[in-house]
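Subject: Structure handover

Hello,

Here is the structure I promised to pass on. Please open it alongside this email.

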Amino acid sequence: MMPPQGESELTGRIPVTARPENVSDVHADPAECQLAMQTETSSVERRRRTTPPPPEIQLQNGNAFSILHISLHPMTLTFEDVGYSISTVHKEACGCLGGSTTKLDRAILNGITGMVRPGEIMAMLGPSGCGKTTLLTALGGRLPGKITGAVTYNGHPFSSSVKRRTGFVTQDDVLYPHLTVVETLAYAAMLRLPNTLTQLEKLDQAESVIVELGLARCRNSIVGGPLLRGLSGGERKRVSIGQEMLVNPSLLLLDEPTSGLDSTTAQRIIVTLQGFARAGRTIITTIHQPSSRLYKMFDKVVVLSEGTPIYSGVASRALEFFESIGFAPGVSVNPADFLLDLANGVAPDAREGGRHVRPDASDQNSLKQSLMLSFKRNLYNGLQAEIRSSRLETTSSRARKTSSNGSEKYWGTCWWNQFKVLLCRGLKERRHESFSGLRIFQVTSVAILAGLLWWHSDPSHIQDQVGLLFFFSIFWGFFPLFNAIFTFPQERLMLIKERSSGMYCLSSYYFARTAGDLPMELVLPTIFTVITYWMGGLKATPSNFFLTLLVILYSVLVSQGLGLALGAILMDVKQATTLASVTMLTFLLAGGYYIQHIPPFIAWMKYISFSYYCYKLLLGVQYSEDDYYECGPGITCQVLDYPAIKHMELGNKGYDVAVLALMLVGYRLLAYVALRMAQPN
């Protein structure tokens, strides 16, 4: 369905114009943010008028040029004797008192060698737990810890320039559910593409990806998620691939892109990848159990068994190799099924017409060891020779590429542009959550209920009004705190994915997230205060109302900062919620309402409670030395002498404001430091 006229720039139809002269800009050096837009636009128009498009990238039938039709920096990936180990804790039982624990090193990858060139698709096959995803992550430069062996990209080690030219598609599609397809890709383009492209050119690039991946029909549909109906599984996978294809990657890594898809949809995904590879890209994918049709599309395969290779080479020669060492399938069989059987230690029995026997564990282990040794004897030397030959081919251009790589900057766009795009994206995504019908109903119903309970409370009933003010401080301490706890744990996977791709720096994300929360988190407290304040019979003057509202909003920001800090430190919703409950219960008891005479050895607790300072400020705003109440028949007393108010010492409001300001900055700084420690890059 075509979008209606007048839609926004990100949600409307994005025009596609032919810009072959700007293809090289996809990996160009990022410009400074102060580059004049007028100069850039005029130079683009001048080149467009004077420079004809190269013939090898002109499209037929007048179709617009797409960045996906040619790779700008072909990349040969080689990996030699790659190994990776992790430390595991092994417990030995020893009677009823437990046992001893020992640390053991477990090898996940062991001596994996291979090479894949531009224009080729390499598939990694093997049973679950054999190390496919670990190897893919290592090749993408995303594996923590020390990796043995050598992984090179056109003869160079992994670097920031290689990272920007590498696309990585995870097995799980990590996408914002409330954004549409065009919004998802447009925001990714604005973040990942360099400043040498104008905003219109970036949006054109996103549109070309939508067209190439066959997403035009669902371009204005929301992505959806587990609890929100949206795209199908195949469409979501293509959107994930499209996010990586925006930067025209030279190397594309995919972790089980066909997982959970039917055979027809899986074939469409692999056909799309095959088209990308034929344009000069290097593609590596893990795949669990492909059909015979999919297997024939692969140029090379690496078969792993318990983290060790049993085959690495041309896909069409795999059966020939195993037949040469005595393992022939015997009958027509899916090559992938045959290779997976061997990787599991199950060999075909020729005497039973190709049926598989059921060997015991020792037979399976002996077969695996035999296959590993056969790989080492028959294929390893040939792979080494191929890698050496490829290394010689790239030696002549190494100096030139090294100098160009050194001049490239890490981020595609400047900090301010990152902040603006992330702020806009965050507002669009989170407005559905912050202003959901359930949350609005929750706040308004509590506000009306509180207003009815304190309906036009008599000023002489000081205890009732003091209770209402304390309820303000507690409710708007709990509510934003528990909402903020979910922020970073819920966005953890998205943050890891986008930061690993080098889309933005952590500070721009954090400040955009903080700024985007302000209009969303302050609207509901304002509505609550407007309803409850006037229904509750508090001082009916504009100055008292607005000061009360400011104090409540101030407390909301402090409470939200504490929630962000707890969520960022623990990164676990259950643990953070438990700690927040204990913290708020402590603040509630020490807030000065329930207990007026706290024992000296524990009185310090109230000074770390933000609700204590909020409560004091609310009392100070509401009552002054000129306020009196009827404390007995015909007797009036000063409100500040009321015991529940007198012990709060309302005189120094500036000190209370300063302490809350310190908490406001301190909590948010703590949250940023916790994120920085969890995301060091």
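Predicted model: local features only at pLDDT ≥ 70, side-chain atom pairs only at ≥ 80, totals over all residues.

**Aromatic rings**

Searching the whole structure gives 37 aromatic pairs. Two of them show contrasting geometry.

Take Phe475 and Phe479 to begin with. Their ring centres are 5.6 Å apart and the planes meet at 20°, so this pair is stacked. The cut-off for stacking is an angle under 30 degrees. Both residues belong to helix 16, which spans residues 462-484. They are 4 residues apart, about one turn of that helix. Phe475 and Phe479 are both buried.

Now look at Tyr629 and Tyr642. This pair is edge-to-face, with 85° between the planes and 5.7 Å from centre to centre. Tyr629 is in strand 10 (residues 628-632), while Tyr642 is in the loop between strand 11 (635-638) and helix 23 (643-646), so the pair ties together parts 13 residues apart in sequence. Tyr629 is buried, and Tyr642 is buried too.

There is also a cluster joined by ring pairs. Its members are Trp415, Trp416, Phe419, Phe488, Tyr504, Tyr509, Tyr510, Phe511 and Tyr672.

Lys376 has its charged end over the ring of Tyr380, at 3.9 Å from the ring centre.

The largest pocket has a volume of about 830 Å³. Its lining has 34 residues, and the closest to the pocket centre are Tyr176, Pro177, Glu429, Glu433 and Gln490. Which helix gives the largest share of that lining? Helix 14 does, with 5 residues. Several helices supply at least two lining residues each: helix 14 (415-434), helix 16, helix 17 (487-490), helix 18 (492-500) and helix 19 (506-535). By class, the lining of the largest pocket has 13 nonpolar, 9 polar and 12 charged residues.

The second largest pocket holds about 710 Å³ of space. It is lined by 24 residues. Nearest its centre are Thr137, Arg142, Pro144, Ile496 and Ser500. Helix 18 gives the largest share of this lining, 5 residues. Helix 2 (132-139) and helix 18 each supply at least two of the lining residues. The lining of the second largest pocket divides into 9 nonpolar, 9 polar and 6 charged residues.

**Cysteines**

How many disulfides does the structure hold? There is 1. Cys631 and Cys637 form it, with their sulfur atoms 1.9 Å apart. The link is right-handed, with 55° about the S-S bond.

Cys631 is partly exposed because its relative accessible area is 35%. Cys637 is also partly exposed, at 23% relative accessibility.

Two further cysteines are worth checking. Cys424 has 34% relative accessibility, so it counts as partly exposed. Cys614 has a relative accessible area of 1%, so it is buried.

**Single residues**

Arg278 is part of helix 7 (residues 263-278). At 47% relative accessibility, Arg278 counts as partly exposed. Between Arg278 and Ile70 there are 8.6 Å in space, C-alpha to C-alpha, although the two are 208 residues apart in sequence.

Two residues have a positive phi without being glycine. One is Asn154, at about 55°. Asn154 sits in the loop between strand 4 (148-153) and helix 3 (160-164). It is buried, with 11% relative accessibility. The other is Glu256, with phi near 50°. Glu256 is in the loop between strand 6 (251-255) and helix 7. Its relative accessible area is 13%, so Glu256 is buried.

Best wishes

Note on methods:
Residues numbered from 1 in each chain as written. Heavy atoms only, no water. Phe/Tyr/Trp six-rings, centres within 6.5 Å; stacked < 30°, edge-to-face > 60°. Buried < 20%, exposed > 50% of the residue type's maximum accessible area, 1.4 Å probe, protein only. Lys NZ or Arg CZ within 6 Å of the ring centre and 35° of its normal. 1 Å grid on protein atoms, 1.4 Å probe; cavity = no way out; pocket = protein on both sides within 12 Å on 5 of 7 lines; lining within 4 Å. Points joined across faces, edges and corners; volume = space filled by probe spheres on them. Nonpolar A, V, L, I, M, F, W, Y, C, P; charged D, E, K, R; others polar. Disulfide = S-S within 2.5 Å.
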